[in-house]
Amino acid sequence: MFRPVRKKRNEISVEEAKALLHTSRRGILSVNGDDGYPYAIPINYFYDEANAKIYFHGSRVGHKVDALKRCDKICFTVVGSETVKEEAWAPYVKSAVVFGHCHMIEDPEETLTTLKRFAMKYYPDEPTADEEIERSAKAVQMFEIEIEHISGKEVQER
């Protein structure tokens, strides 16, 4: 169902792609937007490898929510791990691409649990995360991506 990486020499292992999902701080969420146009937006996220899910937060209304209600299929991409190997002017960059289905988390208890896990990735300590959750949790909508496929590659930018 999902296309393989075309240039096999550029392909990285699924484990390397998962490691990139763990370490990157932002990714691009792509959905089927209005009038057949793709809609891609940068998001902060939390990768739950054990359950093959990605979580992120956002508003309860808007373009992204409308698009997901029409079609829950998504593509999520992260780029990172830039390294210089030979030429200093032409770094190597790794990327991971995820395909899956995304839905809003409706259960308030599950929302708080996933929000806490998400916050711990971005806030410096638990008290700061708890303070922010207390302040803004009522307005937060959590989303869950159920991962169907992960691939990755490394290319030299020259």
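1. Basis. The model is predicted, so to speak of local features requires pLDDT of at least 70 and side-chain atom pairs count only at pLDDT 80 or more, while totals for chains, interfaces and linings use all residues. Residues are numbered from 1 along each chain as its sequence is written, and side-chain values use heavy atoms, with hydrogens and water left out.

2. Setting of D48. D48 is part of strand β3, residues 46–48. Helices (H or I, at least four residues) and strands (E, at least two) are DSSP runs, numbered from the N terminus. D48 counts as buried because its relative accessibility is 3%; buried means under 20% relative accessible area, exposed over 50%, and partly exposed in between, with a 1.4 Å probe and protein chains only.

3. Partners of D48. Apart from neighbours within four places in sequence, D48 is in contact with K53, Y55 and R117, contact meaning heavy atoms within 4.5 Å. With R117 there is a side-chain to side-chain polar contact of 3.1 Å. A polar contact is a pair of N or O atoms within 3.5 Å; within protein, one must be able to donate a hydrogen and the other to accept it, and residues adjacent in sequence count only if both atoms are side-chain atoms.

4. D34. The loop between β1 (26–32) and β2 (38–44) holds D34. D34 counts as partly exposed because its relative accessibility is 38%. Leaving aside neighbours within four places in sequence, D34 is in contact with H63 and R70, and the side chains of D34 and R70 are joined by a polar contact of 3.1 Å.

5. Largest pocket. A pocket is an open set of points on a 1 Å grid over the protein atoms alone, where a 1.4 Å probe fits, with protein on both sides within 12 Å along at least five of seven lines; lining residues have an atom within 4 Å of a point. The largest pocket has a volume of about 240 Å³. Its lining has 14 residues, of which P4, V5, R6, S151 and K153 are the closest to its centre. Strand β7 gives the most to this lining, with 5 residues. The lining divides into 5 nonpolar, 5 polar and 4 charged residues.

6. Second largest pocket. This pocket holds about 160 Å³ of space. Among its lining residues are N44, H57, L115, F118 and E132. Both α3 (108–122) and α4 (126–136) supply at least two residues of the lining, which divides into 8 nonpolar, 3 polar and 1 charged.

Key: Grid points are joined across faces, edges and corners, and a volume is the space filled by probe spheres set on the points. Ala, Val, Leu, Ile, Met, Phe, Trp, Tyr, Cys and Pro count as nonpolar, Asp, Glu, Lys and Arg as charged, and the others, Gly among them, as polar.
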